[in-house]
Amino acid sequence: MSNIEVNFDGLVGPTHHYAGLSIDNNASFNNRYKLSNPRKAALQGLEKMKFLFDRGFFQGVFPPQLRPNIFALRKLGFSGTEKQILNSVANTSIDLLSAFTSASSMWLANAATISPSNDSLDRKVHFTVANLNNYLHRSQEHLFNAMILKKIFHNEKFFSHHSALIQQKSFSDEGSANHMRISWDEINQGIQIFVYGNSVFNHLKSKDFNYRQTLEASTAISRLHQLDPNYTLFFKQNPFAIKHGVFHNDVIAVSNKNLLFYHEYAFTNQNENIDKIISKSYKLNLPFIAIEVLEKDVKLSEAISSYLFNSQILSKNNGKMIILVPDECYYIENIWNYLNKIIANDLYPIDEIQTINLHESMCNGGGPACLRLKVMLNQEQFKSINANFLLNDLLYEKLKKWINKYYRDQLCINDLIDVQLLTEVYQALDELTQILKIGSIYKFQSI
């Protein structure tokens, strides 16, 4: 029974703005306080989904979170009307208001780590929702993400859901952005690779730059997912790369089926780690293919600014692969030349490049792979999921109309204080739940 790959993309929320809240994300920090265009951001994300759907790939939609998060602000002692709360928070700190108004949940790769049933002892698909506890604006996301994942993957016969790990730095977890899988036919055992920044117990002895994923979090997830230790690997990120802006592994490495596409500075002990994949692939009779991009061909700084490795690589029906890259890759000569060398090489499975305009997301530090959560399902599992979250032509048209109706075409940091923006958010999200036919999922709907 062949498996099906479904990519769920996060709908960009109406409060998409540039606040520079993630200081280790170069694009985010460098575009701090610039004017954003929420409507354009949401439409660009939707067009990416539609492009893949039109190419025959299964595409899902994930609703945005409620922002501003008035309910959380009340728990911090802010009181009064919604307008009074927004003013009070802004007077305390505009950055605090920004953190509770962030649309960062659009980058769904951080929502959870997922293991297909092929690799789990109980033969279930396992989900561990990420705690995202490195930054305030993202740490608010896990409860909503868990709820929606359970609504989509609701059949307990097939799916096992795990709560976020302990909300403490020792178990910092940022989801599938730090997780890869090497496989062949997608039916049999695969090799799962967890990539971490450091071990918390080694941190005091280390001079490593700030990191987001811990070894302790990764090993905990591997236990929860009942993975075979013989086919589970843990790679440490190269501290040099982290220092220069590789805050997640998916900024410097991406996998699809039996292919690993990565930069020379992706991992510590890189040759040794690749040998581990080769050894385990041999035992699985898996023809592993590694494409290592050397610094002399594509500089680390170019890879980061273009998000070359934050591309999506997808398998086509003819056995070949397509690589979906941000437009930014086209405008950097070294990168575009390198991509064309790849598709010209018959030894590599990638035979097609497609560019996509995600400029609004890219300015906040998120490319094609950041926006999607990849789920591998068998036929029976796929039939059991909530189809209301799956994109089709009719849903696409409804969402496009919805975005144009409710989203502003510009937003600056000072606009977050506008209570009318909150009213617009309530109206937009209420209608979205009707479009998706998913009932009342937002707190304001139950008041």
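## Helix packing, aromatic pairs and backbone exceptions

In this predicted model, helix H15 (residues 393-406) packs against helix H16 (residues 419-436) with the axes 10 Å apart and at an angle of about 170 degrees. H15 is therefore roughly antiparallel to H16, a term for angles over 145 degrees. Axes are lines fitted to C-alpha atoms, for helices over the stretch in contact, and angles run from 0 to 180 degrees between N-to-C directions. Helices (H or I, at least four residues) and strands (E, at least two) are DSSP runs, numbered from the N terminus.

On the H15 side, the contact (heavy atoms within 4.5 Å) is made by Leu395, Lys398, Leu399, Trp402, Lys405 and Tyr406. H16 contributes Glu424, Gln427, Ala428, Glu431, Leu432, Ile435 and Leu436. The residues of this contact divide into eight nonpolar, one polar and four charged. Here Ala, Val, Leu, Ile, Met, Phe, Trp, Tyr, Cys and Pro count as nonpolar, Asp, Glu, Lys and Arg as charged, and the others, Gly among them, as polar.

H15 also packs against helix H2 (residues 38-54): their axes come within 10 Å and cross at roughly 170 degrees. H2 and H15 are therefore roughly antiparallel to each other. The contact involves Arg39, Ala42, Leu43, Leu46, Glu47, Lys50, Phe53 and Asp54 of H2, together with Asp393, Tyr396, Leu399, Lys400, Ile403 and Asn404 of H15. Its residues divide into seven nonpolar, one polar and six charged. Within this contact, the charged end of Lys50 sits over the ring of Tyr396, 4.9 Å from its centre. A charge sits over a ring if NZ of Lys or CZ of Arg is within 6 Å of the ring centre and within 35 degrees of the ring normal. Lys257 likewise lies over the face of Trp184, at 5.8 Å from the ring centre.

The whole structure holds 17 aromatic pairs. Rings of Phe, Tyr and Trp (its six-membered ring) pair if their centres lie within 6.5 Å; planes under 30 degrees apart count as stacked, over 60 as edge-to-face and the rest as tilted. Two of the pairs are tabulated below.

| Pair | Centre to centre | Angle between planes | Geometry |
|---|---|---|---|
| Phe194 and Phe234 | 5.5 Å | 20 degrees | stacked |
| Tyr330 and Trp336 | 5.0 Å | 75 degrees | edge-to-face |

Phe194 lies in strand S7 (residues 191-196) and Phe234 in strand S8 (residues 232-236), so the pair ties together parts that are 40 residues apart in sequence. Phe194 is buried, with a relative accessible area of 2%, whereas Phe234 is partly exposed at 28%. Buried means under 20% relative accessible area, exposed over 50%, and partly exposed in between (1.4 Å probe, protein chains only). Phe8, Phe127, Phe153, Phe158 and Phe159 form one aromatic cluster.

Most residues other than glycine have a negative phi, and most peptide bonds are trans. The peptide bond from Arg67 to Pro68, however, is cis, with omega near 5 degrees. Arg123, in the loop between strand S3 (112-115) and strand S4 (125-129), has a positive phi near 60 degrees and is exposed, with a relative accessible area of 52%. Asn269 has a positive phi of about 50 degrees.

Residues are numbered from 1 along each chain as its sequence is written. Local features need pLDDT of at least 70 and side-chain atom pairs count only at pLDDT 80 or more, while totals for chains, interfaces and linings use all residues; side-chain values use heavy atoms, with hydrogens and water left out.

Note on methods. Angles under 35 degrees count as roughly parallel, over 145 as roughly antiparallel, 65 to 115 as roughly perpendicular and the rest as oblique.
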